[in-house]
Amino acid sequence: MSNITDRLNKVLGTLNSKTIAIEAHKKFVSVTPIRSGNARRSTKLNNTTIDANYAYAQRLEDNYSKQTRGKGMVQPTIEHVREFVFQRTGIRIK
């Protein structure tokens with residue numbers, strides 16, 4: 001295959017919604033505060049949607065826990081996905 005074909009295949013594989021969702025889910029769980037472990041255990045990937053299915057998810061996102069360092073879980077996840085795409089493809093996402 002040509003170099004451009006290899007690169008396009010890499011871009012398409014990286015920008016696949018399932019690939020992005022899996023990477024986002026891993027990051028989201030890793031930045032979810034942990035006390036009892038319930039929040040991390042209860043955060044599931046449902047097809048391409050991250051479900052934070054516990055009563056206090058919004059409180060954690062709103063920095064109720066000092067463990068979120070004032071960023072919640074969504075913003076670090078978005079930043080991570082942007083960096084993941086850039087590292088894999090050389091394409092910057094705004």
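Guide: One point before the questions: this is a predicted model. A place to begin is V11, which is found in helix α1, residues 3-14.

Visitor: Is V11 buried or exposed?

Guide: A residue counts as buried when its relative accessible area is under 20%. The value for V11 is 14%. That is why V11 counts as buried.

Visitor: Which residues does V11 touch, leaving out residues up to four places away in sequence?

Guide: Contact means heavy atoms within 4.5 Å. With residues up to four places away in sequence left out, V11 touches T89 and I91.

Visitor: What separates the C-alpha atoms of V11 and R40?

Guide: Along the chain, V11 and R40 are 29 residues apart.

Visitor: Where does T89 lie, and is T89 buried or exposed?

Guide: T89 lies in helix α5, which covers residues 74-89. The cut-off for buried is under 20% relative accessible area. T89 has 4%, so T89 is buried.

Visitor: Which backbone atoms does the side chain of T89 reach?

Guide: A polar contact needs a pair of N or O atoms within 3.5 Å. At 2.6 Å, the T89 side chain reaches the backbone oxygen of V85. At 3.0 Å, the side chain of T89 reaches the backbone nitrogen of I91.

Visitor: Which residues does T89 touch, not counting those up to four places away in sequence?

Guide: V11 has already come up as a residue in contact with T89. With residues up to four places away in sequence not counted, T89 touches R7, K10, V11 and T14.

Visitor: Which residues make the nonpolar surface patch of about 230 Å²?

Guide: One of them is L15, placed in the loop between α1 and α2 (17-31). At 41% relative accessibility, L15 counts as partly exposed. The patch is made by L15, I91 and I93.

Visitor: How many aromatic pairs does a search of the whole structure find?

Guide: The search covers the whole structure and finds one aromatic pair. Its members are Y54 and Y56.

Visitor: What is the arrangement of the rings of Y54 and Y56?

Guide: The rings are 4.9 Å apart, centre to centre, with 50° between the planes. Planes under 30 degrees apart count as stacked and those over 60 as edge-to-face, so the rest count as tilted. The pair of Y54 and Y56 is tilted.

Technical notes
Residues numbered from 1 in each chain as written. Predicted model: local features only at pLDDT ≥ 70, side-chain atom pairs only at ≥ 80, totals over all residues. Heavy atoms only, no water. Helix = DSSP H or I, 4+ residues; strand = E, 2+ residues; numbered from the N terminus. Buried < 20%, exposed > 50% of the residue type's maximum accessible area, 1.4 Å probe, protein only. Polar contact = N/O pair within 3.5 Å; in protein donor to acceptor, adjacent residues only side chain to side chain. Patch = residues over 30% accessible without salt bridge, like charges linked within 9 Å, V, L, I, M, F, W, Y side chains within 5 Å. Areas by Shrake-Rupley, 256 points an atom, 1.4 Å probe, with all protein chains shown as cover. Salt bridge = Lys/Arg side-chain N within 4 Å of Asp/Glu carboxyl O. Phe/Tyr/Trp six-rings, centres within 6.5 Å; stacked < 30°, edge-to-face > 60°.
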